[in-house]
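Here are my notes for you on this one, as numbered points. Have a look at the model first, then read on.

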Amino acid sequence: MKTRFYLIALSMLLSCNVLAQQTSTLDIHQLTDKYFLPGVGILNELLSIPNDSHYPEQLWPNLEWCEQNFQARQWGVERLETDGFPLLLASKNHPTATKTVLFYFHMDGQAVFPEQWDQPSPFTPTLKKRSPNGSWETIPMNTLENDYDPEWRVFARSASDDKGPLAMFLTAWDAISEVGFSPDYSIKVVLDFEEEIGSPHLASAVVRHATKLRADMMLIMDGPRHVSNEPTLSFGARGISEITLTMYGPRADQHSGHYGNYAPNPAFRLAQLLSSMKDEQGRVIIPGFYDGIVLTDAEKKILRQVPDIDEEIMRKIGIAEFDKVGETYQESIQYPSLNIRGFSSGSVGMEARTIVPAEAIAEIDVRLVPESDPERLFELIRQYIQDQGYHILDKDPTEEERITYPKLIKWEGTISYKAFRTPFDSEPGIWLNQAMVKAFGKEPIRKRISGGSLPIAPFVDALDNIPAVTVVTVNADNNQHGPNENLRLGNFKEGILTAIAILSSSLID
């Protein structure tokens with residue numbers, strides 16, 4: 001028994017020594033420079049494939065591209081069936097690994113309206129530089145063969161969200177493979193093709209395929225850096241749920257001259273109901289909405305380490321004051337939010353008519369934090385609406401309901417995914433911090449939680465509370481989800497560097 005233990009220990013020691021020698025001779029900055037141009041080629045090829053999540057026929061070529069590219073690198077590839085579009089799992093096993101790292105990317109993109117883009121097609125990657133007047137000027141992509149400016153950008157849908165990070169990862173893998181380096185841990189990569197529509201089938205699929213997805217930690221390659229564009233790690237993300245409220249007035253639109261002052265206007269009623277949910281400082285006043293969230297002095301100190309300047313944030317987005325849910329921007333995103341993302345009733349402009357509208361509709365999103373259970377928040381909001389005298393429906397009202405209940409409202413609610421948060425001193429937190437220092441020579445900005453939502457909670461729940469950290473690489477001003485989405489070349493190169501640093505950092509116990 002002692003002999004066997006000695007041999008195992010000796011084997012691990014030799015592995016560590018070999019790895020240390022490999023790492024010490026690995027010039028990650030030189031590798032990044034060498035593989036930058038091939039990486040741009042990978043990026044442009046991937047960006048040229050349309051990927052609107054609402055059209056599955058666009059997603060299949062993306063899945064097939066990913067299959068072919070991982071297989072070409074001798075990775076194992078498997079489609080994981082869901083109740084919607086399949087996930088793709090790529091695996092690279094290390095024969096003596098004691099740890100497995102699961103990487104998450106998503107390959108789908110938001111809808112595009114080509115007429116809103118300053119180029120012929122959102123799916124033709126276009127290199128641009130900023131002109132002296134502040135506009136973006138197209139330059140030939142082959143300019144990069146002889147010249148480079150970190151401020152130049154590639155414009156295309158999903159350049160930053162989220163095909164750019166996958167191109168960074170594949171480029172980094174090619175770079176370390178050329179020099180014969182192999183991570184000392186096994187890797188699994190899961191690719192989601194429905195993230196931009198809320199990953200509606202992900203939670204059940206992760207439970208179904210939990211054994212195949214099993215890992216010791218999870219890294220999410222998605223999202224922008226801090227606005228300072230300094231290297232950043234994010235240790236959590238808010239979850240999201242949605243509510244659609246439909247307020248009913250008369251059965252059909254009515255002439256406002258004949259029935260104004262007589263038929264209740266559903267737009268006014270819905271506006272009054274929604275405005276009553278917050279005070280003048282922007283705080284939700286529904287009883288219990290913020291219960292369970294208490295920021296300690298130690299936690300506030302962590303938040304203050306993020307180099308935000310609230311005055312600059314307000315100036316950037318064009319506001320004179322911010323809602324007083326928290327004392328700072330970072331504090332504000334530690335709480336659940338209640339947001340009206342859209343309101344519709346009647347018509348405006350050239351289509352306006354003098355009517356009392358038949359209905360008013362509000363789209364609401366509720367951002368979640370780990371302390372807030374979405375089912376509980378839903379119940380609090382429903383109870384509040386009932387307390388205002390409304391009869392809540394789950395379908396359009398019948399004639400009997402119309403003449404029975406003075407206040408009718410329809411509720412449609414969905415929970416996309418919950419929030420997650422990982423401690424800074426967790427195993428992936430310490431390991432990633434070391435990798436970032438190796439790449440950049442300084443500590444990264446570490447965010448306790450990010451304001452945006454990611455479908456990671458299903459993995460955390462199904463994989464025994466797996467610790468998860470988001471490695472964010474793209475520029476914050478990338479216009480993701482909107483027209484003219486872009487990826488700054490300096491961020492693309494540093495993203496490759498980040499991925500090489502992670503792949504070449506030891507995870508041996």
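1. Start with H2 and H4, which pack at an angle of about 140° with their axes 8 Å apart. That angle makes H2 oblique to H4; the label covers whatever is left once angles under 35 degrees are called roughly parallel, over 145 roughly antiparallel and 65 to 115 roughly perpendicular. Axes here are lines fitted to C-alpha atoms, for helices over the stretch in contact, with angles running from 0 to 180 degrees between N-to-C directions. Helices (H or I, at least four residues) and strands (E, at least two) are DSSP runs, numbered from the N terminus.

2. A word on what you're looking at: this is a predicted model, where local features need pLDDT of at least 70 and side-chain atom pairs count only at pLDDT 80 or more, while totals for chains, interfaces and linings use all residues. Residues are numbered from 1 along each chain as its sequence is written, and side-chain values use heavy atoms, leaving out hydrogens and water.

3. H2 (residues 28-47) also packs on H16 (residues 489-503), at about 120° and with the axes 9 Å apart. These two are therefore oblique as well. On the H2 side, the residues in contact (heavy atoms within 4.5 Å) include Phe 36, Val 40 and Leu 43, and on the H16 side Phe 492, Ile 496 and Ile 500 are among them. The residues of this contact of H2 with H16 divide into eleven nonpolar, three polar and two charged.

4. Pairing takes at least two bridges found by DSSP between two strands. S1 and S2 (residues 87-92) are antiparallel over five bridges, and Val 77 has Ala 90 in S2 as its bridge partner.

5. Which two rings make an edge-to-face pair at 70°? Trp 75 and Phe 169, with their centres 6.1 Å apart. Rings of Phe, Tyr and Trp (its six-membered ring) pair if their centres lie within 6.5 Å, and planes under 30 degrees apart count as stacked, over 60 as edge-to-face and the rest as tilted. Trp 75 sits in the loop between H3 (56-72) and S1, and Phe 169 in H4 (residues 163-178), so the pair ties together parts 94 residues apart in sequence.

Terms used:
Ala, Val, Leu, Ile, Met, Phe, Trp, Tyr, Cys and Pro count as nonpolar, Asp, Glu, Lys and Arg as charged, and the others, Gly among them, as polar.
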